[in-house]
Amino acid sequence: MAQGESGFQKGRVSVVTPVYNGESHLRRMLDSVLEQTCQQVEMILVDDGSADGTVRIAEGYLEKFARRGYDFRIVKAEHKNASAAINQGLLLVTGEYLIWPDSDDVLEPESIKKRVEFLQAHPEYQCVRSLSYYFDEETGQRSEKADEQRGDLSKEELFWDILESRTFVCCGCYMLRTESFFAVYPNRRIPEYDVGQNFQMLLPFMYRHKCPTLQEELYGVAIRSGSHSRTALTQAQEEKKYRDYENLIDEIAENCRITDPSDRDRIACWKAARRYRISLKYRRRKEAFQALRRLRSCGGFSTREALKELIWAYFVNGWVEEHLYPVYRKISGRFS
């Protein structure tokens, strides 16, 4: 197989998928990879220390992948988190292009091929994304419910839209040129947090490169009640999640060498808005006041809006979050 000057195999797509306790759904993802119309694919499945039959199921696909002409590697790792699992897979990547779909989702048969064809036809772009659709895991029926906004699909500079939740981070929708991705992470290692592996993969890349959108639904997202993202968190777990995201964004800002004062203020607003939201949820008045002051100082809140919220927070009987909902919704939409 021909190799480019970078050493990556030209035309090949590396599919890196972390999985944890995927016995009930992994077959669906692996079957969708086998059904791809693209001829050059390597599948790198990283088991994050599963306690069920995930590895056994994966090993049952070795012969199927061999017959299809796709390389299939199974990495067995100790349980940590999805970011750490992805890092195990990144070490083995040999393809010119990289995708990292979730283990419970599906790729439409033309998903990989259409994105490869776009990048081959447009060498000026280092990445491309498609749209997704949602389906019920139990019935297989498409659902109108969506966890993320699509946003302005004509935009190509997506760093702030992704950070501020105006567009989607759905992992299986994005395809990156591998050489450009490893220029961002030359050690083939993204930051390992219990949250946000898609932020690690996407934000530093999107700060450097434009990303057009193929307006086709080429990736299916399973609505699964038991998925990690839908599991209810305790207060301690949620507060740790918020801290992890703040630390992660600081690390990403350093990777991107963000020094512009207005950009730094924008990141500060993002963090302060999140602190305000969780302070409201757990009725911590003092911390909410502090977050409001930060929002005001970084330009995320007008003086009038901040004053109104302070009055509500102080005088409303019982510190009722519902009374603050209009601003809560506004902040959530801009900075969640």
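Colleague: In what sense do S1 and strand S2 pair, and over how many bridges?

Modeller: Two strands pair if DSSP finds at least two bridges between them. The elements themselves are DSSP runs, numbered from the N terminus: helices are H or I with at least four residues, strands E with at least two. Here S1 and S2 (residues 41–48) pair in the parallel sense, over seven bridges. Pro18, for instance, has Val46 of S2 as its bridge partner.

Colleague: What should I know about the model and the numbering before going on?

Modeller: This is a predicted model, in which local features need pLDDT of at least 70 and side-chain atom pairs count only at pLDDT 80 or more, while totals for chains, interfaces and linings use all residues. Residues are numbered from 1 along each chain as its sequence is written, and side-chain values use heavy atoms, with hydrogens and water left out.

Colleague: How many bridges join S1 to strand S4?

Modeller: Four bridges join them, and S1 and S4 (residues 95–99) run parallel. Gln9 is bridged to Gly95 in S4.

Colleague: Which hand does the β-α-β unit of S1, helix H1 and S2 have?

Modeller: Look with the strands pointing away from you: the crossover is right-handed if the path from the first strand over the helix to the second runs clockwise. The unit made by S1, H1 (residues 26–34) and S2 is right-handed.

Colleague: Is S1 mostly covered or mostly open?

Modeller: Buried means under 20% relative accessible area and exposed over 50%, with partly exposed in between (1.4 Å probe, protein chains only). In S1 (residues 9–19), ten of the eleven residues are buried. For the chain of 336 residues, 52% count as buried.

Colleague: How many residues of helix H4 are buried?

Modeller: Seven of the nine residues of H4 (residues 82–90) are buried, so this helix is largely enclosed by the rest of the structure. The buried residues are Ser83, Ala84, Ala85, Ile86, Asn87, Gly89 and Leu90. Their cover includes S1, S2, S4, helix H7 (178–184) and helix H8 (197–208); contact here means heavy atoms within 4.5 Å.

Colleague: What is Asn21 in contact with, leaving aside its neighbours within four places in sequence?

Modeller: Asn21 touches Ser50, Ala51, Asp52 and Thr54. Asn21 sits in the loop between S1 and H1 and is partly exposed, at a relative accessible area of 29%.

Colleague: What is the phi of Arg283, which is not a glycine?

Modeller: The phi of Arg283 is positive, about 55 degrees. Arg283 lies in the loop between H10 and H11 and is exposed, with a relative accessible area of 53%.

Colleague: At what angle do helix H9 and H10 pack?

Modeller: Two packed helices are described by the angle between their axes and the distance between the axes. The axes are lines fitted to C-alpha atoms, for helices over the stretch in contact, and angles run from 0 to 180 degrees between N-to-C directions. Angles under 35 degrees count as roughly parallel, over 145 as roughly antiparallel, 65 to 115 as roughly perpendicular and the rest as oblique. H9 (residues 235–256) and H10 pack at about 180 degrees, with their axes 11 Å apart. The two helices are therefore roughly antiparallel. Among the residues that make the contact are Tyr242, Tyr245 and Ile249 of H9, and Ile267, Trp270 and Ile278 of H10.

Colleague: Which residues does a disulfide join?

Modeller: A disulfide is a covalent bond between the sulfur atoms of two cysteines; the rule applied is a pair of cysteine sulfur atoms within 2.5 Å. That rule gives one disulfide, which joins Cys269 to Cys298 with an S to S distance of 2.1 Å. The torsion about its S-S bond is about 120 degrees, so the disulfide is right-handed. Cys269 lies in H10 (residues 261–281) and Cys298 in helix H11 (residues 285–298), so the pair ties together parts that are 29 residues apart in sequence. Both Cys269 and Cys298 are buried.
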